[in-house]
Amino acid sequence: MKWTLSIALVAATIVLIAAGLFQTRSGGGTVGIAAGRALPGFAMRPDTPEHALTILLGAVQRRDWKQALTVMRTNDAATSEDEQAMAQDWQGSNGSLRTFSSLESFDLWPQHATTDEAQIRARLNWTTPVGPVEDLRDFNLTRSGEIWTVTLPRTEPPNVPAQIVPVTYLRWDLVSGNGQDKWGTHNLDAPRVRIISMNAVNSAQGVVVMGEVENEDTVPAFVNVNATLLNASAAVIDQENSFDKIAHVLLPKAVSPYRIDFPGLDLAKVKNVRMDIKAALVPASADPVIGVMDQKIEQDLQGNPVLHGALLNQSGQTVNIPHVIASFSDSNGRVIWVSDGYVDNALLPQSSAPFAIQIPRNVATNVRSFHVVVNQYSLENS
Amino acid sequence: MSWLTSTVWKIPRAGTLLLFVGACWVAPSAAQELRVPESAMAGQAAVISTNGSGHATFYLIGPGTSIKREINLGEDVHVAPESLEDSGQYLAIVCSESCGSATFYVQPSHPASLSFLVHPSRVPDNQPDAVSGVAFPFDHFGNLVLDPLAVTFQAAGPKEKLFAREVSTRDGVAWFRTASGKSVGPLHITASIGPVSSPRVIAQVASEPCNLRIKGQRTAKGILVETEPVHDCAGNPVADGTIVTFNASGDGEKSTVDAPIKGDVARALITDSGPVTISAASGVAMTNELRVGGK
Amino acid sequence: MKNMTQRILRRLSPVIYFAAACLSLLLPFSASADAPTVLVHLDVNKASPRAVEEQTSRRILADYRFAWTNLARAVETDTIEPVRGQFVGSAGKWVAETIAAQQKAGLTSRHINQNHKLTATFYAPEGDVMELHDDAQFHLQVLDGSKLIYDQPVVMHYIVLMTPGADRWVIRQLQSVEKF
């Protein structure tokens, strides 16, 4: 009996390992869509467009740039420069979000195919320190003899010329008195901040409480917004805070959208929402200044409404992980949605990077104006 | 209940009650006589006298103090200064066969420090009743000094002396309220009682921006737009770091830049190449509209 | 029948008196075993220069009562834990010292049937400190180990300074005075 159980467990383990090795990804994918998770050590000939792209993305998952280049070139061995460029393109640089991310999985949708050319759309699912990030990309493939290769437009890294960017550096330091903890010696008032709008809606994920908050003071504030949902008997249903859906450090007169998610809750059960804003004095810097250029609501490849734009770093400091937060208002000026997104690439001094933020279809039709702010994380400041 | 005999029954009712109260009372009734100080001051030694003879246990219970000591009745009990640092009521108890007690008060000593609360930390210029301060005098041991004392409040701005006022404490508190000054900068406020003083610094800041205006021109990089020096309505420069939001709209797109004021001016670069209309806002203040043609 | 009842009641009346008297004396002891009884009445009408907001008034009332309830527990059990976070500054210092001194001397004390008449006399313009006068009455018992060495009803007058803390009003100064 003792041996039977052990043998059964070993056999089951072997079967599961084998199944894991030979299965192609299907869970979570859409029917009719090729999807995959490449198998390490299996160098197969890319005899179909899907196969070629699967090999490429599998290599990206393993960060095997040499193998990735095998489906991008038809002749000659890959040079080290090619590998480096490939790595920089997919792995990121300058401490950007991509450098901390890895390609978890991908789904493929064939868009168009002839005997010699094909176009495939891929949804790339990245795991990042700020949570899962989805990326939609179109790939062009061509046939060379018996095999298919991927043609990737070569993305040139921003070329920032050597220069001196004069910055009138402005920052605030906190002086906390002479160290004696006597009553009245540390009575610096907290910054005066105010919630200037609030709206609670039902979304597909649950209740969303959102709005905008303003620093009305003359000093920087570290701000956090908390919301408590109460039922008809004034009992607390749930309590959450704005977490990363807010620009926490607000300079004087700065306005930031905020959003607080209550997953799985129904607004019909909520009688009251209690808002609480916490603000603290914080040492801060007025730089870098990031402009948000060419903001426009358009449709993405799948027809979803998306707010597009470009971030322009107007200072001399690299912004490693730009984070864009946008509030969308209706014709009455009421905030009806707040959305955010991280930009994969670092924002080098005096350079720009595109961004896109998705808007739910039902919200997009009512949007009349929007307000975009940029949160920035710079490694040299952290 | 059989032990309740008819003997008890014949005692008048009120007397019965007293009798039984006495029977149930656990504390002794015969008390020792104690003489405690009529007035004592925090941090000063005191002497408590007892009468009688024989050994006894002496207790002193007060704020921050609990002392138990074996004594000889009839001798004085010396209480050290460190046992009487906290002002308030002290209870002296002497127990031998029975216990006796007496209470006395320890008064606060002379003022040695001032707790001074000033608000707000940052105040807009030219605001009536905008600054207030509250002072509490304490002695060396942290006791609130309750005797009336004259507290001098003084306030001086960067360019002006705002006021000097003497206020008497009442129940250990003195306070003032005053208007903020006309100029921006540090406002030094001091509360003092004789040589004891407590300084505070608060910031006088400009009020909301007033008559905000922008100007701009197209350069090789884009449209460089900047505000004219940003002042409040009293002419004081608005604090550096205050955000001015520039908005450029044209051709169905818009661009925004949140730029901080530096050296009284906020600047931004708008990269739109087509004709745009640019405006700016800071808090509730809005600027003029600036129309810039395409490249 | 009626006369019979009256006669029985008359005969039993001394017993009832005795029981009532003993019970009344034992009550304080039994009460001290559970949560101490603390009654607080707050009058904010004399507060100046700022008027006390209703919500603040409710908070003060609850927090002051809570603080005294826990102070009574702390000095009865000679542990600082019950009062942690409710007394700060000078008040925190003397509460800690009181408990430490009691522990050292082997004493405990009980504040039984507390009744506090609290009057707000000063409320700072910015609402960051309030001075109150407390006319407190309670039964004070002092024990040396298990021996009761003091057992008297007392009337005390306290000057109290309270300041708002993170989630409650805390006692910063609690100073007894002979009279207001």
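Author: The contact takes 37 residues from chain A and 39 residues from chain B, where contact means heavy atoms within 4.5 Å. This is a predicted model, in which local features need pLDDT of at least 70 and side-chain atom pairs count only at pLDDT 80 or more, while totals for chains, interfaces and linings use all residues. Residues are numbered from 1 along each chain as its sequence is written, chains are lettered from A and ligands numbered from 1 in the order in which they are written, and side-chain values use heavy atoms, with hydrogens and water left out.

Reader: What makes up the area that chain A and chain B bury between them?

Author: Buried area is the accessible area (1.4 Å probe) that two parts lose on being put together, summed over both. For chain A and chain B this comes to about 2,900 Å², with 51% of it on carbon and sulfur atoms. On the side of chain A, the residues that lose the most area to chain B are A:Trp183, A:Asp189 and A:Lys253, which together supply 22% of what that side buries.

Reader: Why is the pair B:Glu208 and A:Lys253 called a salt bridge?

Author: The rule asks for a side-chain nitrogen of Lys or Arg within 4 Å of a carboxyl oxygen of Asp or Glu. The closest N and O atoms of B:Glu208 and A:Lys253 are 3.4 Å apart, so the pair meets the rule. Across the interface of chain A and chain B the rule finds 3 salt bridges.

Reader: What makes a set of residues a nonpolar core?

Author: The members are buried Ala, Val, Leu, Ile, Met, Phe, Trp, Tyr and Cys residues joined through side-chain atoms within 4.5 Å. Here buried means under 20% relative accessible area, exposed means over 50%, and partly exposed lies in between (1.4 Å probe, protein chains only). The largest such core has 52 residues, and those touching the most other members are A:Val209, A:Val223, A:Leu307, A:Leu311, A:Phe328, A:Phe355 and A:Val372. This core lies between domain 2 (171-175 + 186-285) and domain 3 (290-381) of chain A, because both give residues to it; the domain bounds come from an automatic or database domain assignment. Apart from it lies another core, of 45 residues, including C:Ala47, C:Ala74, C:Leu107 and C:Leu174.

Reader: Which residues does A:Val209 contact, leaving aside its neighbours within four places in sequence?

Author: Among them are A:Met198, A:Leu229, A:Tyr258, A:Ile260, A:Phe262, A:Val273 and A:Met275.

Reader: How do you know that strand S5 of chain C is mostly covered?

Author: Of the 18 residues in strand S5 (residues 147-164), 13 are buried. Helices (H or I, at least four residues) and strands (E, at least two) are DSSP runs, numbered from the N terminus.

Reader: Which strands of chain C pair with S5(C), and what makes them a pair?

Author: Two strands pair if DSSP finds at least two bridges between them. Strand S4 (residues 130-144) of chain C and S5(C) have 15 bridges in the antiparallel sense, so they qualify. Within this pairing C:His139 stands opposite C:Pro153. S5(C) and strand S6 (residues 169-177) of chain C pair in the antiparallel sense over 8 bridges, and C:Met162 has C:Ile171 as its bridge partner. The hairpin of S4(C) and S5(C) has 2 residues between the strands, and C:Gly145 in the turn has a positive phi of about 65°. The hairpin of S5(C) and S6(C) has 4 residues between the strands.

Reader: Why is A:Arg63 called partly exposed?

Author: A:Arg63 has 35% relative accessibility, and therefore counts as partly exposed. A:Arg63 also has a positive phi of about 55° although it is not a glycine, and lies in the loop between helix H2 (49-62) and helix H3 (65-70) of chain A. Most residues other than glycine have a negative phi, and most peptide bonds are trans.

Reader: Is B:Asp171 buried or partly exposed?

Author: At 26% relative accessibility, B:Asp171 counts as partly exposed. Its positive phi is about 55°, and B:Asp171 is placed in the loop between strand S13 (161-168) and strand S14 (174-178) of chain B.
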